Amino acid sequence: MEEVRPGIVVVGVGGCGCNTLNRLHEVGVDVPTVAVHTERVHLAVIKAHTKILVGVTTTEGRGTGGNPAVGDAAMREDLDKVIAALGSPNVVIVTGGLGGGTASGGMPVLLEEIKNRFPEAVRLALVTMPFQFEGANRLENARLGLRSILEQADLTIVNMNDILLKKIGGIPVEYAFKFMDSMLVNTLKGLIDLITKPAIVSVSFNDFVAVVRDAHLGMVGHGVGRRVGEAFNNAVKNRLMDADLKTAEGVLLYVTAPPAVSLDEASEATRMLAEHYRVDRMFWGLRTGNEYMRPEVMVVAANVQSPTISSLLGV
């Protein structure tokens, strides 16, 4: 019997979100993508299956001027077009950079409508928080956007630019932003592969839903190593949010490794997660193949606690 793949669609909102779709196209991820923007010029260079310029009456295709209220109005103006582009999804992943107007104002509106139109669909948000040096206005926009997104999405994975600055602030700007871009794309690709591609150890769609449904705040880390255990440790270190993995109420692990990996080594990540971080609720997937030169691990932690996010939201 042929297995029916879950219907997954990725929506990029605003400049950062649409740029992520370009990179997703470059790495050949085979899912429908929808680019949603208020800037006509930028949208023209984006590679996506569907491109929607929202809020033409509101913005004339010239952007929001960094105003979330304008982003909200623009999204509402063409909300039916965006919803129609989603088809009949089982999972909708919405990604964007917070701090400006299109994503900060538009993402909550879109996620709320997806929740109303497709109540059974899983809603994932993947967002980037601005640098503190970008100013109080952008931080306030991001705070308001994130608060609303957390209310509407099942799981909101947050990457903080300030942590990126601490980790690799000394390298050229171009490469620093490429690192963040690769984190976003690797997360999207890893999540899609985890629930759609056959593997030696598979995570079922229902396993995935069990971890991410109503899971609120999430974090992700990616790591490479000589062994699976080293890759796992590197994934934990490479997270871009200040949350302790011990606070997670559920974790998805995705391990890829060369064909010669032993069962003992392949299970190192799950053992370390249980023994060192006391996480009992976990699902893991394992894929092997000649394309994997070294073990790689993706860790997605759900329902975590972050001091910075708690302070930002006043909770």
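The model is predicted, so to speak of local features takes pLDDT of at least 70 and side-chain atom pairs count only at pLDDT 80 or more, while totals for chains, interfaces and linings use all residues. Numbering starts from 1 along each chain as its sequence is written, and side-chain values use heavy atoms, leaving out hydrogens and water.

**Helices α11 and α13**
- The axes (lines fitted to C-alpha atoms over the stretch in contact) of α11 (residues 228-237) and α13 (residues 268-277) come within 8 Å and cross at roughly 55 degrees.
- That makes α11 oblique to α13; oblique covers angles left over once those under 35 degrees (roughly parallel), over 145 (roughly antiparallel) and 65 to 115 (roughly perpendicular) are taken out.
- On the α11 side, the contact (heavy atoms within 4.5 Å) uses Val228, Gly229, Phe232, Asn233 and Val236, and α13 brings Glu268, Ala269, Met272, Leu273 and Tyr277.

**Helices α6 and α7**
- Here α6 and α7 (residues 136-152) pack with axes 8 Å apart, at an angle of about 10 degrees, and are therefore roughly parallel to each other.
- Ser104, Met107, Pro108, Leu111, Glu112 and Lys115 of α6 meet α7 residues including Asn141, Ala142 and Gly145.

**Nonpolar cores**
- A core is a set of buried (under 20% relative accessible area, 1.4 Å probe, protein chains only) Ala, Val, Leu, Ile, Met, Phe, Trp, Tyr and Cys residues joined through side-chain atoms within 4.5 Å.
- In the largest core, with 70 residues, Leu110, Phe232 and Leu245 touch the most other members.
- Helix α6 (residues 102-117) gives the most to this core, six residues.
- Neighbours within four places in sequence aside, Leu110 is in contact with residues including Val11, Met75 and Val94.

Methods
Axes are lines fitted to C-alpha atoms, for helices over the stretch in contact, and angles run from 0 to 180 degrees between N-to-C directions. Helices (H or I, at least four residues) and strands (E, at least two) are DSSP runs, numbered from the N terminus. Buried means under 20% relative accessible area, exposed over 50%, partly exposed in between (1.4 Å probe, protein chains only).
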